[in-house]
Amino acid sequence: QDIGMKPVVAKKECDGFILNRLQYAVLQEGWRLIQDGVCDAKDIDTVMTAGLGIRWSFIGPFETAHLNAPDGMRDYAERYSAGIVRVSESFGHPRPFEGPTLDQVAGYLEGEMPVEKLGEVREWRDKVLKDMAIFRQNMPERPS
């Protein structure tokens, strides 16, 4: 907590850390959307950095859902559950990170962040994370 992180306690054993499991779900769906020709890797990164990532940096996905329906989470579930289930059923089995989709994703990333500059980009990322942690410490308390 001293470095701006908050621990959570898993209620039971599962394969992988909670953060990684959520990250893998996002990566898998992003991969699927790219592989199916819906969008490209840059689009996924943009959706996260200019959309979900901004929101999720200070309010979680369940809190977002609770706020996104006039009468909270129960209302959200009533309004959107069937659509969420329908879309979720289209996800299918996990797909391996290989083949032409890997070439496309890696090509985009290597164009944006050449491998020989990854150290420099990591330093930038770490500075931004540190600055965001300081910002979060000074962020006003959410009303309850």
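**Salt bridges and their surroundings**

Mentor: The structure holds seven salt bridges. This is a predicted model.

Start with Asp36 and Arg95. Their closest N and O atoms are 2.7 Å apart, and the two form a salt bridge. This pair ties together distant parts of the chain, 59 residues apart. Asp36 sits in the loop between helix 1 and helix 2. Arg95 sits in the loop between helix 4 (72–89) and helix 5 (99–112). How accessible are the two partners? Asp36 counts as partly exposed because its relative accessibility is 47%. Arg95 has a relative accessible area of 24%, so it too is partly exposed; the cut-off for buried is under 20%.

Trp31 belongs to helix 1 (residues 18–35). At 5% relative accessibility, Trp31 is buried. Pro7 is another matter: 24 residues from Trp31 along the chain, its C-alpha atom is 29 Å from that of Trp31.

Next, Lys42 and Glu112. Their side chains meet in a salt bridge at 3.8 Å, N to O. This pair also links distant parts of the chain: Lys42 in helix 2 and Glu112 in helix 5, 70 residues apart. Lys42 is partly exposed, because its relative accessible area is 43%. Glu112 has 46%, so it is partly exposed as well.

Stay with Lys42 for a moment. Its backbone nitrogen lies 3.2 Å from a side-chain oxygen of Asp40, which caps the N-terminal end of helix 2. Helix 2 (residues 41–56) is not straight. It bends by about 40 degrees at Met48. The end C-alpha atoms of helix 2 span only 20 Å, whereas a straight helix of 16 residues would span 22 Å.

Last, Asp75 and Arg79. Their side chains form a salt bridge at 2.8 Å, N to O. Why can these two meet within one helix? They are four residues apart in helix 4, so about one helical turn separates them. An α-helix has 3.6 residues a turn, so residues three or four places apart point the same way. Side chains of opposite charge can pair when their charged atoms come close. Asp75 counts as buried because its relative accessibility is 14%. Arg79 is partly exposed, with a relative accessible area of 48%.

Note on methods. Residues are numbered from 1 along each chain as its sequence is written. This is a predicted model: local features need pLDDT of at least 70, side-chain atom pairs count only at pLDDT 80 or more; totals for chains, interfaces and linings use all residues. Side-chain values use heavy atoms; hydrogens and water are left out. Buried means under 20% relative accessible area, exposed over 50%, partly exposed in between (1.4 Å probe, protein chains only). The expected span of a helix is 1.5 Å times one less than its number of residues. The bend at a residue is the angle between axes fitted to the seven residues ending there and the seven starting there. A polar contact is a pair of N or O atoms within 3.5 Å; within protein, one must be able to donate a hydrogen and the other to accept it, and residues adjacent in sequence count only if both atoms are side-chain atoms. A salt bridge is a side-chain nitrogen of Lys or Arg within 4 Å of a carboxyl oxygen of Asp or Glu.
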